[in-house]
Structures are given as C-alpha cells and as structure tokens.
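Please look at the structure before reading the points below.

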Amino acid sequence: MLFEQLAGNLVQGLVLGAVYGMATMGLSLIFGVLQVVNVGHGAFIMVGAFTALTMFQAMGVPPIFAIPVAFMIGMALGMLFYFGAVKPLVSPSGSGIKKLSPRRMGMAAGMFIGLIVLMWISSGYFNLNIAIYLFVGIIFIYGFALYIYGGRRQDKAPELATLLVTFSFGVILEEVVKQIFTSEARGYYWDIGKLDIGITVLPYPKLLAAFGSFAIAIILYLWFNKTRAGMAMRSVVEDDVGARVCGVNVDWQYALSFSLGIGLTVTSGVLLTMFIPVGINPYMGGPYTLKAFVIAVLGGLASPYGAFFGGVVFGLLENGSYTLFANIKGLEPFAMTRFFSFVMLLVILLIRPTGLLRSK
C-alpha cells in the first residue's frame, strides 16, 4: 500500500517538477547572460496566472491557448523592464554589471523606497499628497547620501542595484495587479477529464501543462543549438567580450535574453494555474520565487537546462517525501516536506557545489 502510494506521488511529482523546471528556466537564462538575479521572479509568474484567469473567465479561452499570449506579454514586459531599469545598470561593453556609480545606486535605492511608499498608499495609511512629498524627499536625501558616501563602496556593491531594481519592479507589478483585481484569491475550473494509470489519477490539464513544459524546453534547446540567434546568445554567455569581437551585437543579446527569460517566466504562470486553479492572487509568486532559487542552484545556476532538470528532481523529492512523512505519526507532512527538500539541496551542494549539470 505504501509503495503504491509512493509510486503514485512520484508520478505526480514528475508532472509537477516539469512545470517547476519550466518556471525556473527564465531565472537561469537571465542570470546566465546578464549576471542579474531577478528577485521579482514570482511577480512575473503571477502575471501569467492572471493572464490565464482573465482569458478563461472573460473570453472562455482554455488556459493552454493562453500560453502564446502570456509569452508575448512577458516578452513585452521584459523589453520594457530591461530598457527602463536594467540596461542603465549593465555594461555597454558587454562585461557584465557596471561598477556602480552613486547616481545609479541612488536610482535603484529610489525605486526601492518608492515601492514601499506605494505599498503604504495602497494600504490606506497615507494620504496621496503626503506620500508623494515623502517619496520625493526620501529619494533626494538617500541619493545625496549615496553621492557622498557611495564612492568608496561602488566596486563591491554592483549586484545590490540589480537586486533592488528587480525586487522593486516585482512589488510594483503586484501592487498594480492588486489595484486592478484586488487582493482577493480567485480561480477557475477547467475540467476536461482524467487519466487513471492505476497507481494514481492525473487530470488532463496537469498532463498538458507537463507536456507543454517539456515541449518548450525542447524548443529552447533546439533554438540554442541549431539557430544562429541561439548560438549568438550562447557565445555571450561563454565570453561576451569575445562575442563582441566576433561581431555579435551583445547589447541586443542582453535585451533579447532578458525579455526571453521574462517571457518564459510569465508562460510558466499559465501552466501553474493548471495545478492551482484556486488561490490566484497578486502575492502568489512568493513561494515560487523561493522554490525557483532552490531549483536554479540545484540544477546549476546560469544553466536553463540544468534548471529544468533541477525542477524535475525537486518535484520528485517534494512529492516523494510527502508520502513518507504522511505515514509517520506526529509529523506535519507539509512542513517536513519543505524541510527535507532543503536538506537534500544542502547535501547535493556539499557534494556538487556547482549544481547537478554544471561542470565547473
């Protein structure tokens, strides 16, 4: 009985893990090309979930057909985000993140503090005019302080700027969606049948989500290895200076890889709604951000294929351990599952610090 239960949950974990992997590929792609850690990752997943929800409820479009729409929305958001906030922080010479100037640090810090003010506004604690004056005043004071003292730290803190910017943009996205849809949890029900394989029952929407994840991973692999555009992007990952010498437009590859990463992330939000049709809300991305970082490190940060493989491994660990802990009296299986997953992550990193699919 236990074995049958474990086998059934492992199958469920394999299906869910494929979507986890898909949800992490964008994060790894962005880090691999630009060395930017997208802390607002979960907010883009949330955008994909609301895209599927809106198209299903307003137009009756099945979630599977929302995938190309979500991808295009993600690409557009990625371009907007890159040229509006990320590009000033990365080097035009293709050598990665710029050494941080006080002006850029002030801009990033201003966005971070500005989003906090926006959160206060949306919470109803502050009058709008007071919030605007506070917002401008804090940016001025903080930027001035960084102009005075930031110079001594600029060589050691470039990553902080991109962390602040991505975190800020994620929170701004959440607040904008909250203003449109409110913070109430929503959902939809798409019933197209189930597949009974004896040891477990798999709803067809989950199977479609898993197959969609595998299909997108294969397409991405072929694009990277069989097309000139994909090989140009790989060359930037390997050696951006060398790629520029060979005629590759590194600046455009930065923009394309960033928007592609965001597009993949938003698409994964559509796929995840087939597992969690209820509970779609502006703040749903937080747990997925945490899991995505774990999976990315597990598979090898900066490796999209490693991220996909790490997602499958994580899904198997999560669902398999749940079965075992549920059969031990006195243990809370959900909490122990998370604990076990992170312990396994620690063990794998101790054995292979670069992740499962990274050679160095």
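The lining of the largest pocket takes at least two residues from each of α1 (2-34), α11 (286-299), α12 (304-326) and α13 (333-351). Helices here are DSSP runs of H or I with at least four residues, numbered from the N terminus. The model is predicted: local features need pLDDT of at least 70, side-chain atom pairs count only at pLDDT 80 or more, and totals for chains, interfaces and linings use all residues. Residues are numbered from 1 along each chain as its sequence is written, and side-chain values use heavy atoms, with hydrogens and water left out.

**Largest pocket**
- The volume of the largest pocket is about 620 Å³.
- Of the 20 residues lining this pocket, Leu16, Tyr20, Lys291, Glu318 and Phe334 lie nearest its centre.
- Twelve nonpolar, four polar and four charged residues make up the lining of the largest pocket.
- On a 1 Å grid over the protein atoms alone, a pocket is an open set of points with protein on both sides within 12 Å along at least five of seven lines, a cavity is a set where a 1.4 Å probe fits but cannot get out, and lining residues have an atom within 4 Å of a point.

**Largest cavity**
- The whole structure has one cavity of 30 Å³ or more.
- The largest cavity holds about 50 Å³ of space.
- Its lining includes Tyr20, His41 and Lys291.
- Helix α11 contributes the most to this lining, with four residues.

Technical notes. Grid points are joined across faces, edges and corners, and a volume is the space filled by probe spheres set on the points. Ala, Val, Leu, Ile, Met, Phe, Trp, Tyr, Cys and Pro count as nonpolar, Asp, Glu, Lys and Arg as charged, and the others, Gly among them, as polar.
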